[in-house]
Amino acid sequence: MGSLVKNFLMRAVTGILFVLVVAGMFVLGAYTNALTYAVVTAVVIIVATHEYCHLLRAGGMSPHILMAMATNLTAFGLGFMICNYHWDTRLLLIIVALVWLMFLVELFSSNRNPLTNIALTILGCVYVGMPFALFNLLAFKNGAYDFWPIMGIFVLVWVNDTGAYLCGVTMGRHKLYERISPKKTIEGFVGGVLLTVAVGFTSYACLGDCFFHAGLGFTLLTTAIVAVIGTCGDLVESMFKRSVNVKDSGRILPGHGGILDRFDAVMFAAPIVSLLYYFFI
């Protein structure tokens, strides 16, 4: 029990500090023309891409870390400049050129399994780069920077993670998906969903629809997406780690592992929420 309490306290302190830093930078973006939002997201992209490539290299694979990092940063950066400074959308074709360049880099390298290396590099762009690039659809939905929709996703993901952890360690009896994540339980999953929905409803009732400005229906839909799809994102990353026999993607966050371990649910839920928010709200 002592180790359980110690682990929970470490997770709690690290999580709170991490939330304060990330949230503070997003909020500060309202006073810096969104530059702090861009900086913190770019740093997360760099670290997450590095962890992804390091994870695969631990399994004997060779994705191109520099190409993946350049493509992911370019995708986010172009999205940011187009949404915030109204750059020409045709500049997005640069991403196509970077993907095509991956083939040429592999052509003139001496790496074994070139098709696998190219595929894994492109997968890193889809898995890491695309979600953060789509953040711009949330942040600049109405033509001006608004940190609330992004904060909404992060808050709901963190609430779901906390609810699932607490319910799992106190009431967990039945395994959710033992082959991929032996510690996850059905009780934890249900507890996370219920707490997330409760927080989403409470935020709407008490704070005046501050997160998404889209009505109660969209708020509740988003909480369900974050809770369910976010959990799938957690399981997908567990699948990656299990396939290369690695426990954590990194050690940057005590009690949580790496940036990928902390953002896996966000990266899976954010694209769906971003597209729904952009096209239907």
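In this predicted model, Phe211 is buried, its relative accessible area being 9%, which lies under the 20% limit for that class. The ring of Phe211 pairs with the ring of Trp148: their centres are 5.9 Å apart and their planes stand at 50°, so the pair counts as tilted. Through this pair distant parts of the chain are linked, since Trp148 belongs to helix 6 while Phe211 sits in the loop between helix 7 and helix 8 (216-243), and 63 residues separate them.

The crossing in which helix 6 passes helix 7 is right-handed. On the side of helix 6, the contact is made by Leu156, Val159, Asn160, Gly163, Ala164, Cys167, Gly168 and Met171, and on the side of helix 7 by Glu187, Gly188, Gly191, Gly192, Val193, Leu195, Thr196, Val199 and Gly200.

Turning to the aromatic residues in general, the structure holds 25 aromatic pairs. A pair of this kind is described by the distance of the ring centres together with the angle of the planes. For Phe132 and Phe135 the centres are 5.4 Å apart and the planes are at 75°, so this pair is edge-to-face. Both residues lie in helix 5 (residues 114-139), and because they are three residues apart there, about one helical turn separates them. Phe132 and Phe135 are both buried, and they belong to one aromatic cluster that is formed together with Phe26, Tyr37, Phe76, Phe80, Tyr85, Phe140, Tyr145, Phe154, Trp158 and Phe263.

A last stop is helix 8, where Ser238 is found. Its relative accessibility of 12% means that Ser238 counts as buried. When residues up to four places away in sequence are left aside, Ser238 touches Ile180 and Ser181.

Technical notes: Residues are numbered from 1 along each chain as its sequence is written. This is a predicted model: local features need pLDDT of at least 70, side-chain atom pairs count only at pLDDT 80 or more; totals for chains, interfaces and linings use all residues. Side-chain values use heavy atoms; hydrogens and water are left out. A crossing is left-handed if the near helix is turned anticlockwise from the far one by less than a right angle, and right-handed if clockwise. Helices (H or I, at least four residues) and strands (E, at least two) are DSSP runs, numbered from the N terminus. Contact means heavy atoms within 4.5 Å. Rings of Phe, Tyr and Trp (its six-membered ring) pair if their centres lie within 6.5 Å; planes under 30 degrees apart count as stacked, over 60 as edge-to-face and the rest as tilted. Buried means under 20% relative accessible area, exposed over 50%, partly exposed in between (1.4 Å probe, protein chains only).
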